[in-house]
Amino acid sequence: MQHSPVDNATPASSVQHQARSLEANSGPAFVRRLGFKSESKGNPRVQTFAWNAFLGSRQTVQSPMARPVIELLTQQRMSYLASVYFQKLHPTYSFIDMEELEQHIRHRWSNSSAPEPIDAVLCGVAALGCLFSQVHADRTEPELVESARRMLEESFSEPPSVSSITAWLLRVIYLRLAGTHYPAWMASCTVLHMLEAAGMTTEDSGQAALRPDTEEASNVEVNRRLLAVSQHLNTWMSYDMGLSRVALSGVTCALPSKRQGEFTTELMELLAFTIQLDPERTQAASELESALQIVLDRVHTRPPSVLAQCNLALCLCRRLRSMEYTLPDTTIQRILVVTANGIQAARELLIDRAPWHHMAYVPFQIVCVLLAIDTVSSISQLRDAMQCLKDVAAVYNTHATREAMRTARSLIMLHQRGKEMLAAALNDIVNVYDVNTQDGVADAAPALPDDFAWLNGLPEDISNIQDLNLEQLLSPEFFWNASSS
């Protein structure tokens, strides 16, 4: 198929291209188009399907109290939660030095004075330790989150420091894993603006940072990791929600160095391909396909990194599909290998009780892309994807996971009914032109349409399918205010 000539686009077509790119980047928008094949006027509010497993449901108390960390936790429990953090999150998002944090813990509980700047970091680490060590939140977890938030907002009057930026990034990670969309996205924007204000987006010695210590050699690697993880999170949240990402100018920081036992670099090497998907950029389909081939060639080893690779591959597929570009069968088979790896990675996270946001999100998006590919190989993989979603909902039984299951099942029902209607039309033709009928023509041959364009109106035709409430599926509130389990 010919490549789309987006580089020579007129202003009107550029706007149309940007809208298609934004929709293809957003998994939730793709779900809407997949289930309801009609052109929407304007920009309908994007629904978020399986964005994470909780969507705010871990808030166990109505108004959590903000207290010093030494009042919320014993030193023993703080050390335990920190160990969970370094075991389950640090290998993927490594931007905190474990030995330094242990020193801060010992100092903080031996010096029970007024709150210190490091408290926000300790609260953030402990909250994530809670999230990854218990399926259901206790009362302490939301209080840790609230205590960190209060301290961070109060620190806005001071120049950004490595500690405050680290604490803000911990808050972004927690909100992406367990919170709701706008607070997470706004916090991710805040972190990037703080990094820029602190001069931590450049390694040029001629640039003066607000805090000189950020330019010391010992801090260069920390700066790189803070920046890379922050950009990764902000970019994907912006795509998911159809909002602008923070596009920093003049960034000269290199990617983090590889370290044994850490996989941050493995994940951040995808960042260059992710940024290329910015809807404001115009790229030929050949460039996107080339990027897809590189992403498919990569070897990712840790489940969160495997899911990130799968998510990026799915997004590239959606972009190419929006450009009406036909992928070769060999590429489609490679995509199905990556989706199978993604399903397995999600299962491993579930077994480990490590509720990364992709644990529910990627299997759900895999269901959508498998339906869009619509081959025997892709449909045969649907069972595994649905079973994965069901298993996630069984362990993390929240409104968000239950709605993900219901929506995925509804999309499959739509696809099934479309196949049934097509089969019925073919069956009518077979019956009409049965060689056993006189002269090959039945007495009352039903009128057939000239083509099957009417299948584009499928939602209207099947609005009375049992157990499928299309009005609810289109409701603006669907999936946005899932605040209780």
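Which residues are linked in a network of salt bridges? Glu 203, Glu 221, Arg 224, Arg 225, Arg 259 and Glu 262 are, where a salt bridge is a side-chain nitrogen of Lys or Arg within 4 Å of a carboxyl oxygen of Asp or Glu. This is a predicted model, in which local features need pLDDT of at least 70, side-chain atom pairs count only at pLDDT 80 or more, and totals for chains, interfaces and linings use all residues. Residues are numbered from 1 along each chain as its sequence is written, and side-chain values use heavy atoms, with hydrogens and water left out.

**Salt bridges**

- By this rule the count comes to 23 salt bridges.
- Arg 298 and Glu 269 meet through their side chains at 2.9 Å, N to O.
- Arg 298 lies in the loop between H13 and H14 and Glu 269 in the loop between H11 and H12, so this pair ties together parts 29 residues apart in sequence; helices here are DSSP runs (H or I, at least four residues) numbered from the N terminus.
- Arg 334 pairs with Asp 297, their closest N and O atoms being 2.4 Å apart.
- That pair links helix H15 to helix H13, 37 residues apart.

**Exposure of the partners**

- Arg 334 is partly exposed at 28% relative accessible area, while Asp 297 counts as exposed at 52% (buried is under 20%, exposed over 50%, partly exposed in between, with a 1.4 Å probe and protein chains only).
- Glu 269 is partly exposed, at 25%.

Technical notes:
Helix = DSSP H or I, 4+ residues; strand = E, 2+ residues; numbered from the N terminus.
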